[in-house]
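Subject: Structure for your review

Dear colleague,

Please find the structure below, followed by notes on what was found in it.

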Amino acid sequence: MTIRVLLADDQALLRSAFRVLVDSEPDMEVVGEASDGAEAVRLAKEQRADVVLMDIRMPGTDGLAATRMISSDPGLAHVRIVILTTFEVDDYVVRSLRAGASGFLGKGSEPEELLAAIRVAAGGEALLSPAATKGLIARFLAQGGDVRDSEHDAARSERLDALTGREREVLVQVAGGHSNDEIAERLEVSPLTVKTHVNRAMAKLGARDRAQLVVIAYESGLVRPRVD
């Protein structure tokens, strides 16, 4: 199955480099290029993209707004968004993850990392390593939230009551940036069992993917960052 990739960046030279790289792989293809967020949303629909490589800072409709529009569209529920950023963790990245992005990748990443990120996102996994998660949560704590965020988080906290004890355990591990295989080893269960718990937690909490599970776990207070 070929992964359909949409490139959204206002720098034509960078898009061209990404196109050459992606099109060189047998399991993926570039189905469109967008120079701003509005075009990215339109092409995501028209080209039935699986993964969008989204730059945050673009003229007009930026990547954050585009991420929010794609994530809130039921017809684009299958689309996974990978944020491309100059900085590994900044406030725009935090907000984009809250808006529904599956993860983020630095523009200075190696070609192999970019290709792996596309495959990971297409598979429904979160692009959040333990180190990146730690930086991400530090940003969450620093930026706080408005009243609407607080009400939204309170509602999610209440929804945690619907999770079983095991689902909560798995959610804590997901929030630590661990893969299904790593969680299975830690909890001494099979990876398939972990996947089942993750999928059930996503359904109960209204999360699009694992990245949003991480967001929910911290915003709801289920998991709190360690202070070293």
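A residue counts as exposed when its relative accessible area is over 50%, and as buried when that area is under 20%. Arg 48 has a relative accessibility of 53%, so it counts as exposed. Please keep in mind throughout that this is a predicted model.

Arg 48 and Glu 188

Arg 48 sits in the loop that connects α2 (37-46) to β3. Its phi is positive, about 50°, although Arg 48 is not a glycine. Glu 188 also has a positive phi without being a glycine, here of about 60°. This residue belongs to the loop between α9 and α10 (191-205). With a relative accessibility of 73%, Glu 188 counts as exposed.

Overall content

The protein has 11 helices and five strands. Of its 228 residues, 47% are buried. Taking the contacts between residues at least 6 apart in sequence, 68% join residues at least 24 apart.

The annotated aspartate

The unreviewed UniProt entry places the feature "modified residue: 4-aspartylphosphate" at Asp 55. In the model, Asp 55 is part of strand β3, which covers residues 51-55. Is Asp 55 buried or exposed? Its relative accessible area is 6%, so Asp 55 is buried. Apart from neighbours within four places in sequence, the residues in contact with Asp 55 are Ala 8, Asp 9, Asp 10, Gly 63, Leu 84 and Lys 107.

Packing of α8

Two packed helices are described by the angle between their axes and the distance between the axes. Both quantities are given here for two partners of α8, namely α9 and α11.

Helix α8 spans residues 165-175 and helix α9 spans residues 180-187; their axes come within 10 Å and cross at roughly 125°. The two helices are therefore oblique to each other. The crossing of α8 past α9 is right-handed. On the α8 side, the contact is made by Arg 166, Glu 169, Val 170, Gln 173 and Val 174, and on the α9 side by Ile 183, Arg 186 and Leu 187. Sorted by class, the contact of α8 with α9 has four nonpolar residues, one polar residue and three charged residues.

With helix α11 (residues 210-219), α8 packs at an angle of about 105°, and the axes are 9 Å apart. α8 and α11 are therefore roughly perpendicular to each other. From α8, Leu 171, Val 174 and Ala 175 take part; they meet Arg 210, Leu 213, Val 214, Ala 217 and Tyr 218 of α11. This contact of α8 with α11 has seven nonpolar residues, no polar ones and one charged residue.

Helix α11

How many of the 10 residues of α11 are buried? The count is 10 of the 10, so α11 is largely enclosed by the rest of the structure. The buried residues of α11 include Arg 210, Gln 212 and Glu 219, as well as Val 215 and Ile 216. After α11 comes Gly 221, which has a positive phi near 90°.

Those are the points to look at in the model.

Regards

Notes:
Residues numbered from 1 in each chain as written. Predicted model: local features only at pLDDT ≥ 70, side-chain atom pairs only at ≥ 80, totals over all residues. Heavy atoms only, no water. UniProt positions renumbered as here; feature names shortened; annotations may be inferred. Helix = DSSP H or I, 4+ residues; strand = E, 2+ residues; numbered from the N terminus. Buried < 20%, exposed > 50% of the residue type's maximum accessible area, 1.4 Å probe, protein only. Contact = heavy atoms within 4.5 Å. Axes fitted to C-alpha atoms, helices over the stretch in contact; angles between N-to-C directions. Parallel < 35°, antiparallel > 145°, perpendicular 65-115°, else oblique. Left-handed = near helix turned anticlockwise from the far one by under 90°. Nonpolar A, V, L, I, M, F, W, Y, C, P; charged D, E, K, R; others polar.
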